[in-house]
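The following paragraphs lead the reader through one protein model. Please keep the sequence and the three-dimensional view at hand.

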Amino acid sequence: MSKRASRTRHALAGYAFLSPALIGVLLFMVVPIGVIMWVSLYRWDLIGDTRYVGLANVTSVLSDPAFLSSLRTTILFVLLVVPIQIILGLLLANLLTKGVRGTVVYRTLIVIPWIAPPLALGVVWSWIFAPTGGLLSALAGTRLEILVSPTWALPAAAFVVVWSNVGYTALFFIAGLLGIPRELTEAATVDGASSSQAFWYIKMPLLRPTFFFVSVTSVISVFNVFDQIYALTKGGPSGSTEVLAYLIYKEAFETGNVGRAAVMACVMMLLLMCLTLAQNLYFRKRTTYELV
């Protein structure tokens, strides 16, 4: 068999092994994106006929104060959730990799909120925060209007999302910390480095790939938060918690303008692509497996 035929055979075998994943990407990513971009050019209420409007939906959305307000709310929500979620996940992971008794139980407990249905958790937390008959109001002995306050509703929703997802973040940091050879930190300790110095100058540089993965997935996840917002506030009060995912739902299924909702989804997709690219460029220059 010639070298060319051998290379062709190996290439075909590789594509054959990749074909299930490629078919999945095509069916569940490429095709839906194409459909959304096509729908964005039409006015449609999910029941009647479609009517071509071109870029009218785009100009309508980009000049809509409600959309711009929702975009600002979403960015603020991401800034509230993602840094806290990553810091708490790292702290939990560091604690749970020190060989403390009951570590397996603790790891299981922190993951339960993440694997539980987010809508169900949102309903439970809506009862906890409820001003009348809620757990917090009962414990405080007074009426606490947290979810009906334009000031506190968004931080409360951010708290619920952090509480739900911090176990997911901690799991990846645990995997990253356990993948670091113990000999490195032990050698640094023998050479006179403190445990905090070993953490910052040995473990942190080696955790940069984990930081990249966790930060990208966390940003995407928080941008797409819908269930908790729906259960807690339904975008209120006064639109203070109306994030993009909820606005897209409301535009499509309550207002009945699927074309505008599709434009909003496309804007969110482009924004997430830009953020992911920026994170990739940032971490690519800083990710190293050498000690600093």
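Leu46 is partly exposed, with a relative accessible area of 39%; the class "partly exposed" lies between buried, under 20% relative accessible area, and exposed, over 50%, as found with a 1.4 Å probe and protein chains only. The residue sits in the loop between β1 (42-43) and β2 (51-52), where helices (H or I, at least four residues) and strands (E, at least two) are DSSP runs numbered from the N terminus. The phi angle of Leu46 is near 75 degrees, a positive value in a residue other than glycine.

The model is predicted, so that local features need pLDDT of at least 70 and side-chain atom pairs count only at pLDDT 80 or more, while totals for chains, interfaces and linings use all residues. Residues are numbered from 1 along each chain as its sequence is written, and side-chain values use heavy atoms, with hydrogens and water left out.

Lys234 belongs to the loop between α11 and α12 and, at 47% relative accessibility, counts as partly exposed. Pro237 is also found in the loop between α11 (227-232) and α12 (244-254). Gly236 and Pro237 are joined by a cis peptide bond, with omega of about -10 degrees.

The unreviewed UniProt entry lists residues 12-39, 75-96, 108-130, 152-178, 206-226 and 261-283 under "transmembrane region"; its positions are given in the numbering used here, feature names are shortened, and annotations may be inferred rather than shown by experiment. Within the model, the span 152-178 is 96% helix and 0% strand, and its end C-alpha atoms lie 38 Å apart. Residues 261-283 are 100% helix and 0% strand, with 33 Å between the end C-alpha atoms.

How many residues does the largest nonpolar core have? This core, a set of buried Ala, Val, Leu, Ile, Met, Phe, Trp, Tyr and Cys residues joined through side-chain atoms within 4.5 Å, has 56 residues. Those with the most contacts inside it are Phe77, Phe129 and Phe211. Helix α7 (residues 153-178) gives the most to this core, contributing 11 residues. Leaving aside residues up to four places away in sequence, Phe211 touches Ile86, Leu90, Phe173, Met204 and Phe283, contact meaning heavy atoms within 4.5 Å.

A nonpolar patch of about 1,000 Å² is made by Ile23, Val25, Leu26, Leu27, Phe28, Met29, Val30, Val31, Ile33, Val35 and Met37. Patches are made of residues with over 30% relative accessible area and no salt bridge; like charges are joined within 9 Å, and nonpolar side chains (Val, Leu, Ile, Met, Phe, Trp, Tyr) within 5 Å. Accessible areas come from the Shrake-Rupley method with a 1.4 Å probe, and for residues only the protein chains shown count as cover. Phe28 is found in helix α1 (residues 3-39) and is exposed, with a relative accessible area of 66%. Leu26 is likewise found in helix α1, but counts as partly exposed at 45% relative accessibility. Not counting residues up to four places away in sequence, Leu26 touches Val31 and Pro32. Leu26 and Leu135, 109 residues apart in sequence, are 47 Å apart in space, C-alpha to C-alpha.

The charged side chains complete the picture. The structure holds 4 salt bridges, each a side-chain nitrogen of Lys or Arg within 4 Å of a carboxyl oxygen of Asp or Glu. One of them joins Arg260 and Asp64 at 2.7 Å, N to O. This pair links distant parts of the chain, with Arg260 in helix α13 (residues 258-286) and Asp64 in the loop between α2 (56-62) and α3 (65-95), 196 residues apart. Both Arg260 and Asp64 are buried, and a network of salt bridges links Asp64, Glu251 and Arg260.
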